[in-house]
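Here are a few friendly notes to read alongside the model. Take them in order, with the structure open beside you.

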Amino acid sequence: MGLLTQLLTLPLAPVRGVVWVAERVTEKAEEEYYDPAPIWRELAALEGRLVRGEIDQETFDQREDELIDRLEEITAYRQGMS
């Protein structure tokens, strides 16, 4: 980038900075959203609640289906990235 170009685009520097920050925030949010570890932990906790009798089988099955669907979504997203 030449000096003239830098001077002419200098007023856009704050905008570029905001865009860069927004991109980093989006990347971090996607990284956390598509992390399977919390889903696996929740599945384990759910099973523990069933074993302890805190929830019934129907509640367990419903929530388990939701969590497995979420894991499938994560897997599809990660495969799409490759």
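1. A word on naming: helices here are DSSP runs of at least four residues, numbered from the N terminus. Please keep in mind that this is a predicted model. With that naming, glutamine 57 belongs to helix α4, which covers residues 57-81.

2. Let's stay with glutamine 57 for a moment. Its relative accessibility is 43%, so glutamine 57 counts as partly exposed. Its side chain makes a polar contact with the side chain of aspartate 61, at 2.8 Å. Glutamine 57 is also 10 residues from glutamate 47 in sequence, with 9.9 Å between their C-alpha atoms.

3. How do α3 and α4 pack? Two packed helices are described by the angle between their axes and the distance between the axes. For helix α3 (residues 37-51) and α4, the angle is about 170° and the axes are 10 Å apart. Angles over 145 degrees count as roughly antiparallel, and α3 is therefore roughly antiparallel to α4. On the α3 side, the residues making the contact include Trp40, Leu43 and Glu47; on the α4 side, Gln57, Phe60 and Arg70 are among them. By class, this contact has 9 nonpolar, 1 polar and 5 charged residues.

4. Is arginine 70 buried or exposed? This residue of helix α4 has a relative accessible area of 14%, and because buried means under 20%, arginine 70 is buried. Leaving aside neighbours within four places in sequence, arginine 70 is in contact with Tyr33, Tyr34 and Ile39.

5. Arginine 70 has a charged partner too. Glutamate 73 forms a salt bridge with arginine 70, and their closest N and O atoms are 3.2 Å apart. Both residues are in helix α4, 3 residues apart, so about one helical turn separates them.

6. How many salt bridges does the structure hold? There are 8. Side chains of opposite charge can pair when their charged atoms come close. In helix α2 (residues 13-33), glutamate 27 and arginine 24 lie 3 residues apart, about one turn of the helix. These two form a salt bridge, with 3.0 Å between the closest N and O atoms. Glutamate 27 is partly exposed at 43%, and arginine 24 is partly exposed at 29%. Glu23, Arg24 and Glu27 are linked in a network of salt bridges.

7. One more pair in helix α2 is worth a look. Glutamate 31 and lysine 28 are 3 residues apart there, and they form a salt bridge whose closest N and O atoms are 3.5 Å apart. Lysine 28 counts as partly exposed, at 43% relative accessibility.

Methods. Residues are numbered from 1 along each chain as its sequence is written. This is a predicted model: local features need pLDDT of at least 70, side-chain atom pairs count only at pLDDT 80 or more; totals for chains, interfaces and linings use all residues. Side-chain values use heavy atoms; hydrogens and water are left out. Helices (H or I, at least four residues) and strands (E, at least two) are DSSP runs, numbered from the N terminus. Buried means under 20% relative accessible area, exposed over 50%, partly exposed in between (1.4 Å probe, protein chains only). A polar contact is a pair of N or O atoms within 3.5 Å; within protein, one must be able to donate a hydrogen and the other to accept it, and residues adjacent in sequence count only if both atoms are side-chain atoms. Axes are lines fitted to C-alpha atoms, for helices over the stretch in contact, and angles run from 0 to 180 degrees between N-to-C directions. Angles under 35 degrees count as roughly parallel, over 145 as roughly antiparallel, 65 to 115 as roughly perpendicular and the rest as oblique. Contact means heavy atoms within 4.5 Å. Ala, Val, Leu, Ile, Met, Phe, Trp, Tyr, Cys and Pro count as nonpolar, Asp, Glu, Lys and Arg as charged, and the others, Gly among them, as polar. A salt bridge is a side-chain nitrogen of Lys or Arg within 4 Å of a carboxyl oxygen of Asp or Glu.
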